[in-house]
Amino acid sequence: MSSIKKRSKTTVQTLIRMKARGEKITILTAYDYFTARLLDQAGIDSILVGDSASNVIHGHQTTIPMTMDIMLAHVAAVARGTERALVIADMPFLSYQPSTETAIINAGRFLKEAGAEAVKMEGGLEMVPTVKRVIECGIPVMGHIGLTPQSIHRFGGPKVQGRRERSKAYLLDSAQALQTAGCFAIVLELISAEVASEITGSLKTTATIGIGAGAGCDGQVLVINDMLGLRDDSFKPKFLREYADLKPTISDAVTRYISEVRTGKYPSDDESY
Ligand code: KIV
C-alpha cells in the first residue's frame, strides 16, 4: 500500500473543524484553470474566486464593474482545475443586494452552473436576513466585513476599520449575527489586529479569514497576483507580503522571445517539423 495518504476533500465543515482545533486555514484567490490546479496541488485549503478579478484580471480600478456572467466563467474555470480545495465564488456587486430572491437565484447559479461549493457576500448586520435565507436554501455562505471593496465609495478609500468604538461594536455585532445566520467563515478585511482577534475569539462555529487583519484570525487570504508580485508598483498595502517577484521573470522571458524571433534564433531546427 502506498505510504502517501491522499488528502481528503475540503468542505465547509473541514474549515469549521480546523478552527475548533486551532489549525490555521489557508486561502488564495484564483481566476483560471491552471492557477487553480497549481494551488490545489500545493495543498491550499480553499480557493476564492474573488471579484478582485475586476482589478487584477480586467484592469478596473474597483470591483464595482464585475458582472455575474464574467464571474461565472472564472468560477467554472477554477472549479475544473480543482479537486480537493473548497471553491468559493465571490458574488459581484448588485448580484445579491437588491433582494433576497435575487441573492438566492444568483448564489444558486454559482453552484448549479459553475461548480462552486460556497459563495461569499460582503456586508454585516444589514445583510444578515439575506445571508440566512441563502444558507437555508442549502448554499454555504462566507461573510465579509471590515473594508468591503464593493462599498469603497461609501468608505472614501481603503481605511482601517474597527478603530472607533462604534465601528468596533458594529463589527463585533455583525460577526455574531453572521455566525447565528450560519456562515461557515467570515473574511475580515483591513480591521485592526486587536479587534480582529476579539472577533475571532468571540466566534465558535464560524472561522475568521483575515486580509490586513493581523495574525489572530483563524486563517489568511491573499490575492494571488499580489503575493506573486504581479501588481502595479503603486499598490503596496502594509499587509501584503510578496512570496515571489514574477514581474521581472515574465518581462525577461518576453524580451528574450522578442529578440530571438527577430534575430531568427527561434525556432531552431530541433523546434521545427
Ligand atoms: O475579491 C477578493 O479577492 C476578496 C478577497 C480579497 C477577500 O474579496
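**View 1. The segment after α11, with P267.** In this predicted model, P267 belongs to the segment that follows α11 (246-262). The peptide bond leading from Y266 to P267 is cis, and its omega is near 0 degrees. Most peptide bonds are trans, and most residues other than glycine have a negative phi.

**View 2. Two loop residues with positive phi.** L94 sits in the loop that connects β3 (86-90) and α5. Its phi is near 70 degrees, a positive value in a residue that is not glycine. L190 is placed in the loop between β6 and α9 (193-202). For L190, phi is near 50 degrees, again positive in a residue other than glycine.

**View 3. The barrel.** The barrel is closed by 8 strands, in the order β1-β2-β3-β4-β5-β6-β7-β8, with parallel pairing. On average, neighbouring strands of this sheet are turned by 25 degrees against each other, direction ignored. Strands of a sheet pair through backbone hydrogen bonds, in either a parallel or an antiparallel manner.

**View 4. Strands β6 and β7, with helix α8.** Strand β6 covers residues 185-189 and strand β7 residues 207-211; the two pair in the parallel sense over 5 bridges. Within this pairing, L188 stands opposite G210 in β7. Helix α8 (residues 165-181) packs on the sheet, where it touches β5 (141-146) and β6. The direction of α8 makes about 175 degrees with that of β5.

**View 5. Surroundings of the ligand.** The residues around the ligand are T29, L48, G50, D51, S52, D90, K120, H144, V187, I211, V221 and V223. For D51, a side-chain N or O atom is 3.0 Å from an oxygen atom of the ligand. For S52, the distance between an N or O atom of the side chain and a ligand oxygen atom is 2.5 Å. For D90, a polar side-chain atom lies 3.1 Å from an oxygen atom of the ligand. The ligand taken alone exposes 260 Å², of which the protein buries 95%.

**View 6. The salt bridge between K9 and E117.** The structure holds 11 salt bridges. One of them joins K9 and E117, whose closest N and O atoms are 3.0 Å apart. K9 lies in the segment before α1 (12-21) and E117 in the loop between α5 (100-114) and β4 (118-120), so this pair ties together parts that are 108 residues apart in sequence.

Conventions. Residues numbered from 1 in each chain as written. Predicted model: local features only at pLDDT ≥ 70, side-chain atom pairs only at ≥ 80, totals over all residues. Heavy atoms only, no water. Pairing = 2+ DSSP bridges. Helix = DSSP H or I, 4+ residues; strand = E, 2+ residues; numbered from the N terminus. Axes fitted to C-alpha atoms, helices over the stretch in contact; angles between N-to-C directions. Contact = heavy atoms within 4.5 Å. Near = heavy atom within 4 Å. Polar contact = N/O pair within 3.5 Å; in protein donor to acceptor, adjacent residues only side chain to side chain. Areas by Shrake-Rupley, 256 points an atom, 1.4 Å probe, with all protein chains shown as cover. Salt bridge = Lys/Arg side-chain N within 4 Å of Asp/Glu carboxyl O.
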